[in-house]
Amino acid sequence: MEEINYIDIFEIKKKIKGSFIGKNLYYEQKVDSTNTLARDLASKGVKNGSVVIADFQEKGRGRNGKFWTSPCACNIYMSIILKPKITPENAQGMTILAAVSAADAIVETTSLNPKIKWPNDLLINSKKVCGILTEMATQNMTIEYIIVGIGMNVNLAENDMDDNIKDIATSLLIESKKNNGSNVQIDRNTLIASILNKFDKYYEMFLSTGLSPILTSYQKYFGMMGKTVEINVKDKKITGQVVGIDSKGALLLKTGENELEKVVSGEIYI
Amino acid sequence: MNIKDIKDLVKFIKSNKIKEFYYKKGDEEFKVTLDSDEFYKGGRRNSLIEKKEDRSVQISDYEQAELVNFAISRSNIAAETDAAAKIKNERLKEIVSPFVGSFYRSSSPDKPPFVEVDSIVEKGSPVCIVEAMKIMNEIEVDMKCRIVSVLAENGQLVEFGQPLFLVEPL
């Protein structure tokens with residue numbers, strides 16, 4: 001029987017370089033969802049920058065309550081708790097900096113080249129490898145807390161993947177094998193620490209200088225430029241060519257000869 | 001109710017010798033009291049009515065005076081109603097959208113809405129989600145309140161500062 005390599009919280013602690021993100025780590029072997037636990041902790045007043053990590057999620061969630069499959073102690077399921085003194089509108093930058101942090105960490109830890117699908121899905125060879133769900137609670141236009149949930153398929157083998165997602169999802173291990181024949185398991189402790197270290201760096205940058213320098217890194221990974229996409233918002237369908245990202249991270253689409261549409265929400269189909 | 005309706009009503013009240021009449025429909029209400037027995041006994045007023053009956057379109061002086069009274073009475077009641085509504089409205093608060101995004105009344109499509117009209121919501125409870133850039137912003141109320149009206153549709157794109165709910169603080 002194959003040995004299970006559980007996450008080692010002390011190994012992660014040793015690798016944390018930042019001054020803020022991940023100074024407090026909460027580990028559970030099995031949770032309903034790290035975002036749900038993080039929300040509970042946030043409302044009970046845990047420290048800004050605390051991180052919840054689990055080996056198994058029983059009720060992993062994506063956008064609009066979509067199920068995020070969490071089958072083994074082989075992936076990353078973690079949630080970062082933040083309580084920044086910024087406006088809810090500015091908090092939209094979190095989604096951008098989370099995507100860039102995760103992409104940087106993959107590049108640092110593997111030989112793979114992830115691409116970002118707006119706003120923050122990470123794809124490798126057009127298949128999803130990482131999803132980020134950010135949940136925020138506000139009262140009277142003031143942020144109570146933000147939870148940045150990151151789910152990444154790391155050592156998930158093709159055989160262990162649900163049949164219904166095989167065509168649209170992948171893992172770092174599957175792609176490394178395709179890329180260079182490597183079947184070596186990726187060290188999740190190192191990868192988690194790397195994501196948190198990158199997040200710490202970008203978060204400080206975001207609070208001190210805004211989103212602009214992070215968008216420069218985002219552009220490097222952005223994999224949708226020039227593509228024709230269809231976006232559904234309620235009953236409205238927008239079709240256009242991706243021409244860029246604006247200063248707040250909104251998607252810019254050319255929808256006609258002289259028409260530009262700014263998109264902040266909706267289901268995207270490439 | 002327009003002026004013609006009021007005229008018709010005057011006719012009806014007089015022809016049926018009704019002394020007191022109270023009308024209420026929606027936010028429109030008024031009360032008419034004709035307490036002068038003399039009115040129905042004849043004399044000048046009666047003759048004027050008869051005169052009016054001869055000229056069915058023309059309204060008597062008395063009726064005109066009555067109409068003015070009705071109008072004054074109605075406008076007073078309307079003013080009182082407006083004042084009461086204003087006091088109530090001043091108590092009501094709007095919950096607005098913190099940014100441009102999609103408005104959702106529940107946490108996922110298969111879940112029931114967080115709140116309905118007349119729901120009593122405790123401080124810190126969520127009433128909706130506004131989503132943009134895959135940030136799901138749960139908007140919580142900062143006081144115990146009653147939901148008076150829901151001002152946006154599920155799935156609708158809402159603007160920054162757009163009112164989403166009208167609530168009555170409790």
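Two strands count as paired if DSSP finds at least two bridges between them. With that in hand I opened the model, which is a predicted one.

**Entry: a strand in chain A**

I started with S8(A) and strand S9 (residues 236-245) of chain A, which run antiparallel and share 6 bridges. Looking for one bridge in particular, I found A:Asn232 partnered with A:Lys237 in S9(A). The hairpin of these two strands has 2 residues between them, and A:Lys234 there has a positive phi near 50 degrees.

S8(A) also pairs with strand S12 (residues 267-269) of chain A, again antiparallel, over 3 bridges. Here I noted A:Glu230 opposite A:Tyr269.

Which side chains of S8(A) are buried? I read off A:Val229, A:Ile231 and A:Val233, which point to one face.

**Entry: the rings**

Buried or partly exposed? I checked A:Phe20. A:Phe20 has 21% relative accessibility, so I put it down as partly exposed, since buried means under 20%. A:Tyr203, at 2%, is buried.

A:Tyr203 has another ring partner, A:Phe199: the centres are 6.1 Å apart and the planes at 20 degrees, so this pair is stacked too. Both lie in helix H5 of chain A, 4 residues apart, about one turn of the helix. A:Phe199 is buried, at 0% relative accessible area. I wrote down A:Phe20, A:Phe199 and A:Tyr203 as one aromatic cluster.

While on rings, I saw A:Lys201 over the face of A:Tyr202, 4.6 Å from the ring centre. A:Lys30 lies over the face of A:Phe56, at 5.9 Å.

**Entry: across to chain B**

I picked A:Asn140, in the loop between strand S6 (127-139) and strand S7 (142-152) of chain A. A:Asn140 is exposed, at 57% relative accessible area. Beyond its neighbours within four places in sequence, A:Asn140 is in contact with B:Glu140 and B:Asp142. The side chains of A:Asn140 and B:Asp142 make a polar contact of 3.3 Å.

In chain B I then traced an open sheet of 4 strands, antiparallel, in the order S3-S10-S8-S5. Strand S3 (93-96) and strand S5 (120-121) are its edges, each pairing on one side only. S8 (residues 145-150) and S10 (residues 163-169) pair over 5 bridges, and B:Val150 stands opposite B:Phe165.

Technical notes. Residues numbered from 1 in each chain as written. Chains lettered and ligands numbered in written order. Predicted model: local features only at pLDDT ≥ 70, side-chain atom pairs only at ≥ 80, totals over all residues. Heavy atoms only, no water. Buried < 20%, exposed > 50% of the residue type's maximum accessible area, 1.4 Å probe, protein only. Contact = heavy atoms within 4.5 Å. Polar contact = N/O pair within 3.5 Å; in protein donor to acceptor, adjacent residues only side chain to side chain. Phe/Tyr/Trp six-rings, centres within 6.5 Å; stacked < 30°, edge-to-face > 60°. Lys NZ or Arg CZ within 6 Å of the ring centre and 35° of its normal.
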